[in-house]
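Colleague: Before I use this model, I would like to go through some of the terms attached to it and hear what each of them rests on.

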Amino acid sequence: MAGAAQLSRAALPAGALESETLDALPGKERLIKRSFRPPNYETPLSYLNDAITPNNRFFVRWHLADIPTVAADAWRLKIGGNAAAGPLDLTLNQLKTEFEPVELVAVCQCAGNRRGLVEPHVPGVEWANGAVGNARWKGARLKDVLARAGVKKEVVEIAFDGGDKPVLEATPDFVKSIPAWKALDDNTLVAYEMNGEPLPHWNGFPARIVVPGWVATYWVKQVVRIDALLEPLKGYWVNTAYRLPKGKYLSTDRFISQENETTSPITEVDLVSLMTNISDGQQFRAGAPVVVKGIAWDAGYGIRSVEVSIDDGRTWQGAELGTDLGRYSFRTWQFAFTPREKGAVTLTARAMNTQGLVQTERWIANGAGYRNNVAQKIGIRIA
Amino acid sequence: MKTFATNTMAVLALAIAGAAVADENSVRLKDGPDAERVRALCSVCHSADYIQMNARFLNRAGWEAEVTKMIKVMGAPISEADAPKIVDYLTRHYGTE
């Protein structure tokens, strides 16, 4: 039973457990507050029971504390850069009416999701499992917007700046880039709707970049500027932050123009499954069925199966997958069993994707606490 | 080198500008020498719960690295005289030592 709480909230740093509170930002339900300013709020696991995460339950993550309130009428999206034929200004109405609207369901997951559960702990926002959500995004294809501006064929990266600013001028502004090939992907959007509604302020109103399959650091919120670049973007948030030691991980999409000798940018989200309807230490009755519900997702290859173990990982049984909402979406799943004997039971859930990848048992350590896709374990009691 | 007094003035100005986020005033740092200095200087850019949630797994070197990052990378207006005092406070109250 020693490892039962391995990836439950109890594994968070002591200080993170002491300082977390349930708190509601304006327009949001009460979420788990990790930090007030800049606001970093995670979604409680029980809110991730369903395939779509409601807007008022969607996690909130900001790097910089000066977050303006944007008026839709005053907002302008400027497209430029040295790989653009000319500068272009778009209003929100133009973005909505002059480009073909595209809808897709995609997981938005913070690169640091589950950082707080890694051992040994690493500094950062100490997220448990809930810096992730799944929404139906509607917007214009980024490639259509870029085509309007006219982009030179030598383009290397597309950079995004949001309306948020640092408190001090000396602090690096949060500007991110993606490789041109990913920017030109049909699924990469400038999104202005989330689950059929305007984006909540805290999730990037009036528009954010949606990069399906890639971690949320690239999904720039309150986007105000898009630059097509002939050379790799410079700046702390791309050249230093959000990086992994090179060569330690299974290959994923590469961001070659930003790789250096020792590190490469984190790109894709990992294969993860979560049990969402059961809490650590919960009691059940012998002879009565236990229904385990959960979600699974990956970078867009698709979930092939989810397996659950009721004996701490010795044997595994298949769970029933829910409706497929698209390859970038959460996939819900369900598993039922009837415990016959009283005592402690360790539940483990693991997903496999269409590439044949299975979640790991041990985290591959990195200083930033990224890519924790160790199979979740929950300890329950049968009474 | 900036003095503690000028930094405190800057903090007050920012506290007024950022008054919308009132709940961070509920965050209580542990009492001790330099607690107020830590609150004043670190709170220029972020609420003090950033310190709390990163407790208690960093040793002195770990906290020193964080404070250095805040100064060198994030441009925190922390003087050479104040930096070791902040590291001392964080290590004692929010560290492993």
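Predicted model: local features only at pLDDT ≥ 70, side-chain atom pairs only at ≥ 80, totals over all residues.

Colleague: Why is D311(A) called exposed?

Modeller: A residue counts as exposed if 12 or fewer other C-beta atoms lie within 10 Å of its own, and D311(A) has 11 within that distance, so the term applies. D311(A) is found in the loop between β20 (303-309) and β21 (317-318) of chain A, and its C-alpha lies 9.7 Å from that of A344(A), a residue 33 places away in sequence.

Colleague: What makes you place the buried residues of α5(B) on one side or on several?

Modeller: The buried residues of α5(B) are D82(B), I86(B), V87(B), Y89(B), L90(B) and Y94(B). They cover an arc of only 165° around the axis, and therefore they lie on the same side of α5(B). In general, an α-helix has 3.6 residues a turn, so residues three or four places apart point the same way.

Colleague: What makes β6 (88-90) and β10 (175-179) of chain A edge strands?

Modeller: Five strands of chain A form an open, mixed sheet in the order β6-β5-β14-β9-β10, and β6(A) and β10(A) each pair on one side only. Neighbouring strands of this sheet are turned by 20° against each other on average, direction ignored.

Colleague: How do you know that β9 (residues 157-162) and β14 (residues 223-229) of chain A pair?

Modeller: Pairing requires at least two bridges, and β9(A) and β14(A) are joined in the antiparallel sense over six bridges; within this pair, A159(A) stands opposite D227(A).

Colleague: And what makes β22(A) and β23 (residues 331-337) of chain A a pair?

Modeller: At least two bridges are needed, and these two antiparallel strands have two bridges, with E320(A) opposite Q334(A). They belong to an open antiparallel sheet of chain A in the order β17-β19-β23-β22.

Terms used:
Residues numbered from 1 in each chain as written. Chains lettered and ligands numbered in written order. Helix = DSSP H or I, 4+ residues; strand = E, 2+ residues; numbered from the N terminus. Axes fitted to C-alpha atoms, helices over the stretch in contact; angles between N-to-C directions. Buried ≥ 20, exposed ≤ 12 C-beta atoms within 10 Å, placed from the backbone. Arc of directions from axis to C-beta.
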